[in-house]
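Please look over the model shown here.

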Amino acid sequence: MSRQHLLLRELGLAPRWRLRHGVAPEPVLTPVLAPVAANLVPAAAPVVPAVAAPVVVPAVAAVPAPAVVEAAATALPEWAALQQQVASCTACGLCQTRTQAVFGKGNPRARIMLVGEAPGAEEDKQGLPFVGKAGQLLDNMLAAIGLSQDDVFIANVLKCRPPGNRNPAVDEMAACADYLRWQIAHVQPEVLVTLGRFAAHALLQSDAAIGALRRETHQYQGIPLFVTFHPAYLLRSPGEKAKAWQDLLAIRRALAKKA
Ligand code: SF4
């Protein structure tokens, strides 16, 4: 049974549902390395803590209009220089508590770029974003629409772990904003996807609820931007997986239109 089929089954979406919604036949996927079902079991302890109250999230620093971005691209740090800059950054207090900065992973020329919130404990240890159970679920979600990690670039709004996985602070997000802006300018994705409310709020300069934001396609400097749930949230709230699947289908349609 393919990973996609298992995910659909996990989401409670029978094959007949796919037919009714005009979903294309399953893509040929690489052999399953581990039982998908195991990846979809809700984690005993959430990777990202629940948020008790709304937090005002600062917008990512204003980005020039598309034409200006293009003209200014030569002034961007080279990719390797940018990685080094992040690795040695001391622009906010998180540099004192991190094990290492987490730059991102995937294809720097990917068609789709995913943006999460901040590294957790395991990401801080490994130096990679989205590892552990939330990362496995994200991999399965991407596989369900025929994408592998090589097809995407994944980064976080914050490059260093907030101690105890607390929410990012306003000054930390402001200090780190340029790195994400430069990453987007380098990758030049055809589609942006934010995972969770912090990333959505940062890129859209909005404090609206995820439930409202995910129902429409946004634009970030001319790039279509989709809002969906953070995989860690889906592990805690499996009832929302069907909505996440709808978001994935919208993302796949957007990519297909641009192919
Ligand atoms: S979170 Fe961002 S701004 Fe703060 S130290 Fe890490 S890389 Fe620098």
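## Basis

This is a predicted model: local features need pLDDT of at least 70, side-chain atom pairs count only at pLDDT 80 or more, and totals for chains, interfaces and linings use all residues. Residues are numbered from 1 along each chain as its sequence is written, and side-chain values use heavy atoms, with hydrogens and water left out.

## Cavities

A cavity is a set of points, on a 1 Å grid over the protein atoms alone, where a 1.4 Å probe fits but cannot get out; its lining residues have an atom within 4 Å of a point. Grid points are joined across faces, edges and corners, and a volume is the space filled by probe spheres set on the points. The count is four cavities of 30 Å³ or more.

The second largest cavity holds about 100 Å³ of space. It has 14 lining residues, and Cys 89, Cys 92, Cys 160, Cys 176 and Tyr 179 are the closest to its centre. Helix α8 (residues 170–187) contributes most to this lining, with three residues. Helices (H or I, at least four residues) and strands (E, at least two) are DSSP runs, numbered from the N terminus. By class, the lining has 11 nonpolar, one polar and two charged residues. Ala, Val, Leu, Ile, Met, Phe, Trp, Tyr, Cys and Pro count as nonpolar, Asp, Glu, Lys and Arg as charged, and the others, Gly among them, as polar.

## Ligand site

The ligand takes up the second largest cavity (more than half of its atoms lie within 2 Å of the grid points). Residues around the ligand (a heavy atom within 4 Å) include Cys 89, Leu 94, Arg 98, Lys 159 and Tyr 179. This shell has nine nonpolar, no polar and two charged residues.

## Strand β6

Six of the six residues in β6 (residues 223–228) are buried (under 20% relative accessible area; exposed is over 50%, partly exposed in between; 1.4 Å probe, protein chains only). Ile 223, Leu 225 and Val 227 point one way, and Pro 224, Phe 226 and Thr 228 the other.

Strands pair if DSSP finds at least two bridges between them. β4 (residues 191–195) runs parallel to β6 over four bridges, and Thr 194 stands opposite Val 227. β5 (residues 218–220) is antiparallel to β6, with three bridges. Here Tyr 220 stands opposite Ile 223.

## Positive phi

Gln 221 lies in the loop between β5 and β6. Its phi is positive, about 50°, although it is not a glycine. Gln 221 is partly exposed, at 28% relative accessible area.

Asn 165 is in the loop between β3 (152–156) and α8. Its phi is near 60°. Asn 165 is buried, at 16%.

How values were computed:
On a 1 Å grid over the protein atoms alone, a cavity is a set of points where a 1.4 Å probe fits but cannot get out, and a pocket is an open set with protein on both sides within 12 Å along at least five of seven lines; lining residues have an atom within 4 Å of a point.
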